[in-house]
Amino acid sequence: MNKDIYLSNSLGGKKEKFIPINPKKVRMYVCGPTVYDDPHIGNARPLVVFDILFKVLKCKYGKSSVLYARNITDVDDKIIDGAKKKNISIDKLTKDITKRFDDDCDYLNCEKPSFEPKATENIPLMIDMINVLIKKNNAYENKSHVYFNVSSFKDYGKLSNKNVDELFAGARVEVSENKKRPEDFVLWKPSTEDEPGWDSPWGRGRPGWHIECSAMSKKFLGDTFDIHGGGRDLLFPHHENEIAQSRCANENKPLSNYWIHNGFITVSNEKMAKSQGNVFKIKDFYEKYNGQVLRLALMSTHYRQAMDWNENLLTQSKKTLDKWYECQKKPEGKVLIPDDDLAPLYDDLNTPGYISNIHKLYDKAAKGSEKDKEIFTTACNFIGLLTEPKSKWLEFKKNILEISEEEILQKIKDRNTARDNKNYQLADEIRNELLDKGILIEDKDDKTTWKIK
RNA sequence: GGUAACGUGGCGGAAUGGUUACGCAGAGGAUUGCAAAUCCUUGUAUCCCGGUUCGAUUCCGGGCGUUACCUCCA
């Protein structure tokens, strides 16, 4: 499609036309998971949002012209704590959770990014960058710690709209005696014997939280790239700090031209948080819902809005997919989505607007030609829906049934006998009984068919 | 306290300086033994108060309310 892509840029707070640095090499970096616990639906949102952005970019610039990097943070204090709590090794914990994360991505039908670098595999790069920052007087060492000197970077606070003096004037920031100023943040800290550590000019230790993204994005995407994404909460301090580190280390070159942040998921209108006890893990849904149901649910709200997660949302999504599967037809050859229908996705990833268009394409397909069904299916496929055959969709539903197929068929037989005898009361009883078990029967012409509700 | 975002029908959720998409639910009808499915038809909404305007839900100001970030967090 010839249309331009527009994106809401957190840097500046406006929707802007997306102009890549090099249309033959569009580059996007998204902050990935810290592998200390099973991913939850809050993690699922950016996975799906940026998966769609990845698809949209590829659609516009060509499949091989888009690079997408998403890091895996496998060294962090939360990981150390998590391993202690579970009484397993750090290595086992990070491997297990990384595997879980991969499974969750598959479940949600997210494409693999071009790169998925791990922090622990790039420690030397971080050490190099910290060295550069120290040389340039943007960082200082004190007692085996290295801190970034925030006052050395005059644009600090520009992304998150914060005034450094005001921000840190109060007593809310943890004050460490090692730091010169409260706003300074750690680039490197020492590790004890039993903590993971790497040798460095400042002794055995490990990197601070922010430096990995600066080091790895530089390695895989270069000093300046097009899009940097993540959850809203990362805007400050994480992304602010990334900018400070990267620009100071890279001759003040911008880190990313566009900053995209997705909104939060709430549960019963309250923030989902461990302290609230309302965290839904992605794997908790494996049994009950096909991953597409979650995917559609996550797309039903614009990515910047807060969205409330509840049963009704999933029920509706499931129902919609059930309906849509009726018109699934695998496209033969190349089928194009009409520009007007695709347009909302180009306009700041307006997924609800796009879904609305899919509904219209469905209406057409439901009564129209095979070609219309192919267009409809292609439109669904584009956002990662209806990609698996209908048989699989039905199979999933069958697997969660509590009644066997033989029993169902027997009941239907019984009911039809009752109907033949005009014993409609018994017939209706049997139907209701099946309905209670999630089986819907339909009398069509002379045949009775059944399906899972 | 500082910085932001948001407030659209019963629910979810877009868009817009002038008939307010779309889905779910609801209502009526066709169909049916009754249903289901399908098809047709259909009602209902822009937090409040000012301002700009021929006209605002949309722009501006104020208020009220909700939420987030400012501390680990997607």
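A salt bridge here is a side-chain nitrogen of Lys or Arg within 4 Å of a carboxyl oxygen of Asp or Glu. The close-ups below come from a predicted model, where local features need pLDDT of at least 70, side-chain atom pairs count only at pLDDT 80 or more, and totals for chains, interfaces and linings use all residues. Residues are numbered from 1 along each chain as its sequence is written, chains are lettered from A and ligands numbered from 1 in the order in which they are written, and side-chain values use heavy atoms, with hydrogens and water left out.

**View 1. Glu 116 and Arg 70 meet in a salt bridge.** Their side chains come to 3.2 Å, N to O. Glu 116 sits in the loop between α3 and α4 (123–135) and Arg 70 in strand β4, so the pair ties together parts that are 46 residues apart in sequence. Helices (H or I, at least four residues) and strands (E, at least two) are DSSP runs, numbered from the N terminus. Arg 70 is buried, with a relative accessible area of 3%, while Glu 116 is partly exposed at 25%. Buried means under 20% relative accessible area, exposed over 50%, and partly exposed in between (1.4 Å probe, protein chains only).

View 2. A search of the whole structure turns up 38 of them. Side chains of opposite charge can pair when their charged atoms come close. Glu 370 and Lys 373 pair up with their closest N and O atoms 3.9 Å apart; both lie in helix α12 (residues 370–382), three residues apart, about one turn of the helix. Lys 398 and Glu 405 do likewise at 3.6 Å, with Lys 398 partly exposed at 41% and Glu 405 partly exposed at 36%. Then there's a network of salt bridges linking Asp 51, Lys 55, Lys 58, Glu 111 and Arg 295.

**View 3. Helix α3 and what covers it.** This helix (residues 90–107) has 18 residues and reaches 25 Å from its first C-alpha to its last, close to the 26 Å expected (1.5 Å times one less than its number of residues). Its buried residues include Leu 93, Ile 97, Phe 101 and Tyr 107. Among the elements covering the buried residues of α3 are α1 (41–61), β4 (66–70), α2 (77–86) and α8 (291–299). Just past the helix, Asn 109 takes a positive phi of about 60°.

**View 4. An open sheet of four strands.** The order is β4-β3-β9-β10, and the pairing is parallel (two strands pair if DSSP finds at least two bridges between them). At the edges are β4 and β10 (256–262), each pairing on one side only. Neighbouring strands are turned by 20° against each other on average, direction ignored. Strand β9 (residues 225–231) pairs with β10 over six bridges, and Gly 231 stands opposite Asn 262 in β10. Helix α7 (residues 235–249) packs on the sheet, touching β9 and β10, and its direction makes about 155° with that of β9. Contact means heavy atoms within 4.5 Å; axes are lines fitted to C-alpha atoms, for helices over the stretch in contact, with angles running from 0 to 180 degrees between N-to-C directions.

**View 5. A hairpin made by β5 and β6.** Strands β5 (residues 139–142) and β6 (residues 145–148) pair in the antiparallel sense over four bridges. Asn 142 has His 145 in β6 as its bridge partner. Two residues lie between the strands, and Lys 143 in the turn has a positive phi of about 50°.
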